Amino acid sequence: MKPISINRGTRYHASPKFTKPISKKLKGGGCPIGTVPIRRLTKEDLIRERLASRIMPLEYYTPGTHNAVLRTRANSNKKFLGAGAALSVHNPHVDGRQYSAAKVKIQNGPDSIEAGWRVDPLLYGDTHTRFFIRLDAGQSHCFNTRCPGFVLVRSDEALDSILYNVSVPGGPIFYIQTYIDRQDGDDYTEVGFWPKRIFTGLGDLANHVEWGGETFGPPGSSTPPMGGGYYPIGTTKFDAYFSLVTVLNEYGQTVDVDNTEVFSDNHKLYKVVDRGNVGGYFGHYFVYGGSGGKSTQV
C-alpha cells in the first residue's frame, strides 16, 4: 500500500493552488522503532466490524449498494500489477447503517483489495472520514489491520486514521493519493502488504480495476450522498474527482489506463463523467457524485 505518492514511472508533484495533499502521518513522528500503530478496539468495535463486513457487498447487485465508477472493460484481456489515483476527500452525510466511500479496487475472481476513504458509522462508531483498506480473499472479508495475513510495516501511519481536512465546494480541495502495487522484492517502504499465499485469484495478476464511489443504504430505505453530495457539474474545483488515474501494467510500467468504461447502476441517484487524459496536473481524471435518495433501481 502506498497512500502518499506514486513512485514508479512519471512523478507527479505539482498541484493547482486550490488543491492540497493530505498527509496521514502521525504527529510526533509516530510509534517507537520496531512498533506500528494499531487503533485500540473495544468489544463494540468488533461487533460493528462484524456487522459491517456482512453487509459489505462483493458484487454490484447486492441490495442497497450503489456504485459510480470508472472501470476496465471485461473484454480487455489485460492484466495489472497495480493501480492508483489521487482522490478528493469529502465527508458526505450518512445515518445509521448507511456508508459512503471512494476507493481504488483491484480484483481477480473472488479476490479483491480496496483502498480509499469512507464514512461508515456502523464500522467506526462515528461519521468522520477515514482512510481504509478492505480485503476479500478466501474466507477473509475484513477491514484494515484485522485482515488475517496483513503485515503493517510503517510506524508513522495508521490505516484507519481520521482525515480531518475535507474538501469544500469551490475550494480548498483536499486529496490523498492511493496506490495498490504487487511487489515480489523486499522493498518494504509501503504502509503494509499481504503475502501471496492468502490469495487464489490475486495469486496471479489482477484482471479488473475500478476507481470511484460506493454507497449503501439498507433495502427499503434511502441511500446517502456520494462524493461531494451532488451531481457533478464538470469541474474539479467543485466536484468529487479521481485524478492521475493509472495502472501498473504486467511489465511493471505505470501507464495511463485505456479501454475503460464508466458505470453507474442508478443514474437518477449518482453520476460519473470521464474526462480522459488531459495531461498536466490531473492526467486521466473523472468526476462523480450524487445526492442519494430512495434506492430504486433504474
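Strand S4 and strand S11 (residues 208–216) run antiparallel and are joined by nine bridges, and in this predicted model the bridge partner of Tyr 99 within S11 is Phe 216. On its other pairing, strand S4 (residues 99–108) meets strand S5 (residues 111–119), again in the antiparallel sense and over nine bridges. The chain around these strands has two helices and 18 strands, and of its 298 residues 54% are buried.

**The sheet around S4**

- Strands S4, S5 and S11 belong to an open sheet of seven strands, whose order is S7-S6-S5-S4-S11-S2-S15 and whose pairing is antiparallel.
- The edges of this sheet are taken by strand S7 (140–143) and strand S15 (260–264), each of which has a single partner strand, so that one side of each is left without a neighbour in the sheet.
- From one strand to the next, the twist of the sheet averages 15 degrees.

**Strand S4 and its partner S5**

- Two of the pairings between these strands can be followed residue by residue: Lys 105 has Glu 114 in S5 as its bridge partner, while Lys 103 stands opposite Gly 116 in S5.
- The hairpin that S4 and S5 form has two residues between the strands, and in this hairpin Gly 109 takes a positive phi near 60 degrees.
- In S4, 10 of the 10 residues are buried, so the strand is largely enclosed by the rest of the structure.
- In a regular strand, side chains alternate between the two faces of the sheet.
- In S4, Tyr 99, Ala 101, Lys 103, Lys 105 and Gln 107 point one way, whereas Ser 100, Ala 102, Val 104, Ile 106 and Asn 108 point the other way, and the residues of both sets are all buried.

**Aromatic pairs**

- The structure holds seven aromatic pairs, among them that of Phe 132 and Phe 143, whose ring centres are 6.3 Å apart and whose planes stand at 55 degrees, so the pair is tilted.
- This pair links distant parts of the chain, since Phe 132 lies in strand S6 (residues 130–137) and Phe 143 in strand S7, 11 residues apart.
- Phe 132 counts as buried, with a relative accessibility of 0%, and Phe 143 likewise counts as buried at 0% relative accessibility.
- Another tilted aromatic pair is formed by Phe 282 and Tyr 285, with 5.6 Å from centre to centre and 45 degrees between the planes.
- Phe 282 and Tyr 285 are both buried, and together with Tyr 241 they are linked into a cluster by ring pairs.

**Charges over rings**

- Phe 143, described above as the partner of Phe 132 in a tilted pair, also has Arg 134 lying over its face, at 4.7 Å from the ring centre.

**The chain as a whole**

- Among the contacts in the chain with a separation of 6 or more, 76% are between residues 24 or more positions apart.
- The accessible surface of the chain comes to about 13,200 Å², and carbon and sulfur atoms account for 52% of that surface.

Technical notes
Residues numbered from 1 in each chain as written. Predicted model: local features only at pLDDT ≥ 70, side-chain atom pairs only at ≥ 80, totals over all residues. Heavy atoms only, no water. Helix = DSSP H or I, 4+ residues; strand = E, 2+ residues; numbered from the N terminus. Buried < 20%, exposed > 50% of the residue type's maximum accessible area, 1.4 Å probe, protein only. Contact = heavy atoms within 4.5 Å. Areas by Shrake-Rupley, 256 points an atom, 1.4 Å probe, with all protein chains shown as cover. Pairing = 2+ DSSP bridges. Axes fitted to C-alpha atoms, helices over the stretch in contact; angles between N-to-C directions. Phe/Tyr/Trp six-rings, centres within 6.5 Å; stacked < 30°, edge-to-face > 60°. Lys NZ or Arg CZ within 6 Å of the ring centre and 35° of its normal.
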